[in-house]
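Here are some friendly notes to read alongside the model. Please keep the 3D view open and find each residue as you go.

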Amino acid sequence: MKMILGNWKMNGVPADLWAWSESFKPQTNNEIGLFLPYPLLNAQPMQFKVGAQDLSRFEGSGAFTGEVSADMLKSMGVSMAMCGHSERRHVMGEGDDLVKTKAENALRAGLHVILCVGEKLETREAGSSNAYVEAQIAASFPANAADGRVTVAYEPVWAIGTGKVAGEDEIAAMHAHIKDVLKRVAPGQNIAIVYGGSVTADNAAAILKTQGVDGVLVGGASLKPGPFQKICEADEA
Ligand code: PGA
C-alpha cells in the first residue's frame, strides 16, 4: 500500500472542492490524503484523510493574530500536518528550528506529521545533496516523534512545480540515504518516505515502483480530479 498525498497549496474555493469531490472516485487500496488551504479543511466531508499545509508554532490558543494551532486543526477532524514544505522554507523563510517546533506541536495534538526536506539545484550540482538533506532532517525532525507518527517527504526544490522530475536513480539513492539517516535520528521508528516534485499521471507508476518509495506528494496534478485519481491508482493499474 502506498501513500498518495495531494497538496493544493494556495488554490481553491469551496465550490472547487465540491466539484472536485463529485468526480474523484478512486478505486484503490492506497492511502490517500489531501492537504488543503485552511478555509477548505472543513468545506466538505471526505472519504480520506485531510491535512493542513502548515500550522502555528504556538500551542493551544491565545493572542497570536492570524495563527492556527495544532489543537484547532485536530478539533476540525484534520489528521495530518505538513511541516517544512520547501515553499515555507525558501519563500516564507522558515528555518529548521521553526519547522521542528511546528512538527512537535502537531504531534502533541495527535496529528500525523509530513516532514518535507529537499535540496536546491545548486546544492545538487555541487554534489552536496546528501549532506544537505541529512542536516535538514537532523535539525528539523521532531524530538517527540513516536513510531509511525512521522512521514518524510523528499522533495528536491528544483523538481517542484518545474516539470523537471528527479530521475528514478536519483530518487532511489536519496530515499536510501534518508532511510539511513533516520536510523540514527529516529532509531526504531517506522518512517515512510514519499517523493514529491512534478509527479504526474504519466510518471507516477514508475516513481511508485522505484526502490524505497512509499508514496508520492503531488502538487499541481492534484488540483484536477482526473489526473490525481490516475496517480492514486497508478501502481495498481
Ligand atoms: P508539484 O508540487 O507536484 O506541483 O511539483 C509538489 C509539492 O510542492 O508538494
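1. Let's begin with a pair of side chains: Asp-54 and Lys-102 form a salt bridge, with 2.8 Å from N to O. The term means a side-chain nitrogen of Lys or Arg within 4 Å of a carboxyl oxygen of Asp or Glu. Asp-54 sits in the loop between β3 (49-52) and α2 (70-75), while Lys-102 belongs to helix α4 (residues 96-108), so this pair ties together parts that are 48 residues apart in sequence. Helices (H or I, at least four residues) and strands (E, at least two) are DSSP runs, numbered from the N terminus.

2. Are these two partners buried or exposed? Both Asp-54 and Lys-102 are buried. Buried means under 20% relative accessible area, exposed means over 50%, and partly exposed is in between (1.4 Å probe, protein chains only).

3. A word on the source: this is a predicted model, in which local features need pLDDT of at least 70 and side-chain atom pairs count only at pLDDT 80 or more, while totals for chains, interfaces and linings use all residues. Residues are numbered from 1 along each chain as its sequence is written, and side-chain values use heavy atoms, leaving out hydrogens and water.

4. Next, look at Glu-170 and Arg-124, whose side chains meet in a salt bridge at 3.5 Å, N to O. Glu-170 is in helix α7 (residues 168-185) and Arg-124 in helix α5 (residues 121-125), so distant parts of the chain, 46 residues apart, are linked. Glu-170 is partly exposed at 31% relative accessible area, and Arg-124 is also partly exposed, at 22%.

5. Helix α7 also holds Arg-184, which pairs with Glu-134 of helix α6 (residues 129-140), so parts 50 residues apart in sequence are tied together. Glu-134 counts as partly exposed, at 27% relative accessibility.

6. How many salt bridges are there? The count comes to 12. Through shared partners, Asp-54, Arg-88, Glu-94 and Lys-102 are joined into one network.

7. Finally, turn to the ligand, which 13 residues surround, Lys-9, His-85, Glu-155, Gly-161 and Ser-198 being the closest. Here a residue is counted if one of its heavy atoms lies within 4 Å. The shell divides into four nonpolar, seven polar and two charged residues. An N or O atom in the side chain of Lys-9 is 2.7 Å from a ligand oxygen, and a polar side-chain atom of Glu-155 also lies 2.7 Å from an oxygen atom of the ligand.

Key. Polar contact = N/O pair within 3.5 Å; in protein donor to acceptor, adjacent residues only side chain to side chain. Nonpolar A, V, L, I, M, F, W, Y, C, P; charged D, E, K, R; others polar.
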